[in-house]
Structures are given as C-alpha cells and as structure tokens.
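Hi everyone, thanks for coming. I'd like to walk you through one structure today, so please take a look at the picture as we go.

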Amino acid sequence: MRGSDPDAALLLARNEFHAGEDPRFIARRIMICAQDVGLADPDGAVLANAAFQTAEFVAGRRRGSMAEITIYIATANKSNRRHRRD
C-alpha cells in the first residue's frame, strides 16, 4: 500500500488470507497504512476503522470489505506532513 500499487496490495492481502492469517491482523496493518494517508485524506482512517470492525463482527464480508479499503488506501494521496511530538 505504501507504494501506491493497488494490485500489489491486493495480492499481498489475498496471500495473507489464503495463508490463514487472522483478518483482524490484516485490518490492523491497513489501519497503520491509513496513517500514511494522514491529512491528505482524513477519511482513510475512518474507513480503515470501519473495515476493522467489519473484520471483527461480520465474518462473511471480511474479504470484500478488506479488498475495498485496501484499494482505497493504496490509491489515496499520501500526506508528507509530519506530526509534531511534544
């Protein structure tokens, strides 16, 4: 996702699903990548959180929602603004 290649991101997610990776772990990784989007698209974090909740509660819709948010985050503009640490 960090390279903005949705095909590569989907392939990685598919391979992780087929390998038996916990969908919640995949959703957490997507949420981390949503932080790269940052201020360039603030909806990315909200949508990533929604995908995490879907993975948690709706087992039958995991792959579809994860694929959608993977494409969204991979194609979103990335913010180059750094967060200030106090």
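Let's start simply: what pattern does the protein follow, read along the sequence? The answer is α-α-α-α. In total, the secondary structure comes to 4 helices and 0 strands. Here helices (H or I, at least four residues) and strands (E, at least two) are DSSP runs, numbered from the N terminus.

A word on where this comes from. This is a predicted model, where local features need pLDDT of at least 70 and side-chain atom pairs count only at pLDDT 80 or more, while totals for chains, interfaces and linings use all residues. Residues are numbered from 1 along each chain as its sequence is written, and side-chain values use heavy atoms, with hydrogens and water left out.

Now the overall numbers. Of the 86 residues in the protein, 27% are buried; buried means under 20% relative accessible area, exposed over 50%, and partly exposed in between, with a 1.4 Å probe and protein chains only. Take the contacts between residues at least 6 apart in sequence: 70% of them join residues at least 24 apart. Contact means heavy atoms within 4.5 Å.

On to the packing of the helices. Helix 2, residues 23-37, packs against helix 4, residues 62-75, at an angle of about 20°, and their axes are 10 Å apart. Axes are lines fitted to C-alpha atoms, for helices over the stretch in contact, and angles run from 0 to 180 degrees between N-to-C directions. Helix 2 and helix 4 are therefore roughly parallel to each other; angles under 35 degrees count as roughly parallel, over 145 as roughly antiparallel, 65 to 115 as roughly perpendicular and the rest as oblique. Their crossing is left-handed, and that term applies if the near helix is turned anticlockwise from the far one by less than a right angle, with right-handed if clockwise. Residues making this contact include Ile 26, Ala 27 and Ile 30 of helix 2, and Met 66, Ile 69 and Thr 70 of helix 4. By class, the contact has 10 nonpolar, 1 polar and 1 charged residues. Ala, Val, Leu, Ile, Met, Phe, Trp, Tyr, Cys and Pro count as nonpolar, Asp, Glu, Lys and Arg as charged, and the others, Gly among them, as polar.

How does helix 1 compare? Helix 1, residues 6-18, packs with helix 4 at an angle of about 150°, with axes 9 Å apart. That makes helix 1 roughly antiparallel to helix 4, and the crossing is right-handed. Among the residues in contact are Leu 10 and Phe 17 of helix 1, along with Met 66 and Thr 70 of helix 4. This contact has 8 nonpolar, 3 polar and 2 charged residues.

Thr 70, found in helix 4, counts as buried at 1% relative accessibility. Its side chain reaches the backbone oxygen of Met 66 at 2.6 Å.

Next is Ala 55, in helix 3, residues 43-57. Is Ala 55 buried or exposed? Ala 55 is buried, with a relative accessible area of 0%. Not counting residues up to four places away in sequence, Ala 55 touches Pro 23, Ala 27, Arg 62 and Met 66.

Finally, Glu 16 lies in helix 1 and is buried, with a relative accessible area of 14%. Leaving aside neighbours within four places in sequence, Glu 16 is in contact with Glu 21, Ile 26 and Arg 29.

Technical notes. A polar contact is a pair of N or O atoms within 3.5 Å; within protein, one must be able to donate a hydrogen and the other to accept it, and residues adjacent in sequence count only if both atoms are side-chain atoms.
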